[in-house]
Amino acid sequence: MSKHWQPGTGCPLCGDVAFAVRSRIAFDRIWEWYGEEWGVTFSPQLRASLTPAEVTELRRCEGCGLDYFSPAIAGGGAFHDELIAANASAYVEDKWDFEQVLSRVSPGERLLDIGAGNGAFLAKAARRGIVGEGLELNHVGAGMARQRGATIHMETIEAFAPTRPASFDVVCSFQVLEHLKEPRPFLAAAWAALKPGGRLYLTVPNRDRPAEDLTSFEHPPHHLTRWSAGQLPALAEMLEAASSRVEIEPPSLHQILLAMRRRRPGSVPVKILSRILTARPLAWLWTGALTRRMGLCGHSLLVEIVKPA
Ligand SMILES: [Zn+2]
């Protein structure tokens, strides 16, 4: 980890204090937007505790290219409880990230899932003979995961790692980094829990996906940073990794259709397009070619970071 980095100063990833302002938004507008999109009204006390100023800036770090909001406060437990109570934040049973990681893990390997949610990934892993345990701070998620038979610790990775140093073949964390105010202590702790030669898998939303996918959730206090594929090698370098590899999720059919309609409104009826695009085995051929031509990408980015043996 670089020596000049101090908590709370400059870029949360590389510590560089130089940045360009991408946009500004009032916190009042963000709170309204949550209401419009998800029908959730947060309590006045919660809003006040998570509103550090009138306006927040989206800054792009001139060192590593990470986009981060400043000022911003991470949502935390009470915020997520209110989201879950309003049904605005649902756990997903399956996603691209899960299969990508599982295809790289062998039965018998020991795995830790940081931010295990309702245990969907751990259950999927267990069905393939992979011994996993999870960390989850939300009591609703932790309860659901335990009901499915998962071993869940209600601890942060910073508290957990010192009790289990160099213990896991695989540490993974799906869509967690973008919620953190200080990703570096989190990353250092995740790294410490890995055995020598172990692999760290991290996924984040890809900020280069189509703009209409960006919602109120991509703002504080929900997401505090926005990532593109460019920052992921910097993570590996920071951890002094043996090697790393980045995967970009391909776009969904829905994203392709939206993009086509936007570019050539009224050209080919969406119904016919949809029928052509989903006709297997043609589907993958079409989506691959269209993705390359239109420069589209799906929701997520994945990085595999290997610890020196
Ligand atoms: Zn940076």
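**Strand pairing and helix packing in the predicted model**

Strand β11 (residues 300-306) is mostly covered, with six of its seven residues buried; a residue is buried if 20 or more other C-beta atoms, placed from the backbone, lie within 10 Å of its own. Helices (H or I, at least four residues) and strands (E, at least two) are DSSP runs, numbered from the N terminus. The model is predicted: local features need pLDDT of at least 70, side-chain atom pairs count only at pLDDT 80 or more, and totals for chains, interfaces and linings use all residues. Residues are numbered from 1 along each chain as its sequence is written.

Two strands pair if DSSP finds at least two bridges between them. Strand β8 (residues 194-205) pairs with β11 in the antiparallel sense over seven bridges, and R199 has V306 of β11 as its bridge partner. Strand β10 (residues 243-248) is joined to β11 by six bridges, also antiparallel. Here S243 has V306 as its bridge partner in β11.

An open sheet is formed by four strands in the order β1-β2-β3-β9, with antiparallel pairing. Its edge strands, β1 (19-26) and β9 (225-226), each pair on one side only. Strand β3 (residues 67-70) runs antiparallel to β9 and is joined to β9 by two bridges; D67 has R226 of β9 as its bridge partner.

Helix α1 (residues 27-38) packs on this sheet and touches β1 and β2 (55-61), contact being C-beta atoms, placed from the backbone, within 7 Å. The direction of α1 makes about 60° with that of β1; axes are lines fitted to C-alpha atoms, for helices over the stretch in contact, and angles run from 0 to 180 degrees between N-to-C directions. After α1 comes G39, whose phi is positive, near 65°.

Notes:
Contact = placed C-beta atoms within 7 Å. Buried ≥ 20, exposed ≤ 12 C-beta atoms within 10 Å, placed from the backbone.
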